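Please open the structure in your viewer and keep the selection panel at hand.

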Amino acid sequence: MLNNNTVTHPIVTRAAAMPTPQHISLNKIKKSKEGMELEVDFIAELTGDGLVKTGVVQPNVPGFGAFEVLCDEGSSIGGTDTAPAPLSYLAAGIGFCLLTHVHGLAQSRKLNISSIKLEQKMKFQSRIPGMTAEEGSDMLGVSKGVETVIIIESQEDPSLIASLVEASEKACMALQTVVNAVPASTTIINNGQKL
């Protein structure tokens, strides 16, 4: 797949379908009076040597396809820098999701907007012994925040634009995942046995 830091196929390609998982279930979308209960399923693995990973991702929403994505790390931490790093996908996902909500809500409110752009910075702190910290220290990864600038060109009243962005931030599931504590669980399967 990789040859001298060159990817032999695109970083993102359309997959025929989501592979059948071994340990999670692929559920259909559910609607309730609280809203849609949607899921995004992801199956990934390390591919050979180094830190290159491949994965297939798909929301359980009708009309959303499955995509195979490559992921790598920078050469400074042992990767080959052939594809975006995991945190790059996280940042891009939040930015793209927020832009979707700003655009969709602007249309539903019939606001006259000529352009919408976003600039975003995610901040992290990493403590990995031998990489980003001294040997013998504990491993730790910390999110230090998200700074977002929404640049809108419009003749609308500024209060309408401010309201649009505020409502869009509340609706953006990707942004809400990082600004609010969310439940998380990890199951370990070692040699076919659940630990």
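What follows is a short walk through the model, one selection at a time.

This is a predicted model, in which local features need pLDDT of at least 70 and side-chain atom pairs count only at pLDDT 80 or more, while totals for chains, interfaces and linings use all residues. Residues are numbered from 1 along each chain as its sequence is written, and side-chain values use heavy atoms, with hydrogens and water left out.

Begin with everything shown: the protein has three helices and twelve strands, taken as DSSP runs (helices H or I, at least four residues; strands E, at least two) and numbered from the N terminus. Its C-alpha atoms fill a box of roughly 55 × 40 × 35 Å along the principal axes.

Next, select residues 86-108, helix H1, and residues 158-171, helix H2, whose axes come within 9 Å and cross at roughly 130°; these axes are lines fitted to C-alpha atoms over the stretch in contact, with angles from 0 to 180 degrees between N-to-C directions.

Now show side chains where the helices touch: Leu98, His101, Val102, Leu105 and Ala106 in H1 meet Leu164, Ala167, Ser168, Glu169 and Ala171 in H2, contact meaning heavy atoms within 4.5 Å.

Then centre on Val102, which, leaving aside neighbours within four places in sequence, is in contact with Ile116, Ile152, Leu164 and Ser168.

Finally, return to the whole protein, where buried residues make up 20% of the 195 residues, buried being under 20% relative accessible area with a 1.4 Å probe and protein chains only.

Note on methods. Buried means under 20% relative accessible area, exposed over 50%, partly exposed in between (1.4 Å probe, protein chains only).
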